[in-house]
Amino acid sequence: MSARYTLHGIFLSGPSYTVALALSLAGEPFDYVHVNLRAGEQKSPEFLAKNRFGQVPCLTDKANGRNLCQSAAILEYIADKTGKLGGATLEERIAAREWMFWCWDKLVAPIYRSRMAKLGLRPLDEATLAMYAADGAAALGFLDKSLAGRDWLVGEGATIADIDLYGVVHYAGEAGFDLSPYGNINAWVARVRSLPGFGEPAQLLPAESRAA
Ligand SMILES: N[C@@H](CCC(=O)N[C@@H](CS)C(=O)NCC(=O)O)C(=O)O
């Protein structure tokens, strides 16, 4: 039977990784389409018809023909459709959403932008790098404190909030952040990595398109 979902992404993309990870943890096989960003495929009329923002990830649900965009919104869709990772109650679901907004507000820019600069893909001047270093350390410090005495960000089990934030924290080292002072984050990272269905970006996001 063919897979219900097709993920359009690129192997270097953190947001694509979070979607692939959510599908994998939810036990949903997915076809994968490599989008060549360097060649501008994300701005082609064909791709823009799927995602008006002209970015990856994009998730196609072949059961209804929907094309979903914005990784955090896609995670919510996956939680809705699979009944997994969405939190046990409405309160948990709301709290998970709050964490995802926080992630994109405070954590994503320092880590993803510093990473792009370190990889030589988008150079930044020293002042901007220093600003992101300070902002990233503040966000990681807050996350570490918030995880004190808890296994997961929300409730008693892993939710899409954990996946969304893990998909950023995963790249902290490549972005130049030292995670060793953050014991609670490190313990949480280990818990995420031991979830059934967990995969590294290289396992979940190949360099070429592939069927499930
Ligand atoms: N907020 C978006 C961010 C997506 C994003 O930044 N995608 C990047 C790759 S990681 C992209 O497609 N860049 C190419 C472009 O913007 O043209 C999400 O969570 O999906």
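## Ligand site and aromatic pairing

An oxygen atom of the ligand lies 2.9 Å from an N or O atom in the side chain of Lys 43. The model is predicted, with local features requiring pLDDT of at least 70 and side-chain atom pairs pLDDT 80 or more, while totals for chains, interfaces and linings use all residues. Residues are numbered from 1 along each chain as its sequence is written, and side-chain values use heavy atoms, without hydrogens and water.

| Residue and its atom | Ligand atom | Distance |
|---|---|---|
| Gln 42, side-chain N or O | oxygen | 3.0 Å |
| Lys 43, side-chain N or O | oxygen | 2.9 Å |
| Val 56, backbone N or O | nitrogen | 2.8 Å |

Of the 510 Å² of accessible area (Shrake-Rupley method, 1.4 Å probe) that the ligand has on its own, the protein covers 74%.

Around the ligand (a heavy atom within 4 Å) stand Ser 13, Pro 15, Leu 37, Gln 42, Lys 43, Gly 54, Gln 55, Val 56, Pro 57, Gln 70, Ser 71 and Trp 104. This shell comprises 5 nonpolar, 6 polar and 1 charged residues, with Gly counted as polar.

The structure also contains 9 aromatic pairs, defined by ring centres within 6.5 Å. One of them joins Tyr 112 and Tyr 171 edge-to-face (planes over 60 degrees apart), at 6.2 Å centre to centre and 70° between the planes. Tyr 112 belongs to helix α4 (residues 90–118) and Tyr 171 to the loop between α6 (160–169) and α7 (183–193), so this pair ties together parts 59 residues apart in sequence. Helices are DSSP runs (H or I) of at least four residues, numbered from the N terminus.

Technical notes: A polar contact is a pair of N or O atoms within 3.5 Å; within protein, one must be able to donate a hydrogen and the other to accept it, and residues adjacent in sequence count only if both atoms are side-chain atoms. Rings of Phe, Tyr and Trp (its six-membered ring) pair if their centres lie within 6.5 Å; planes under 30 degrees apart count as stacked, over 60 as edge-to-face and the rest as tilted. Helices (H or I, at least four residues) and strands (E, at least two) are DSSP runs, numbered from the N terminus.
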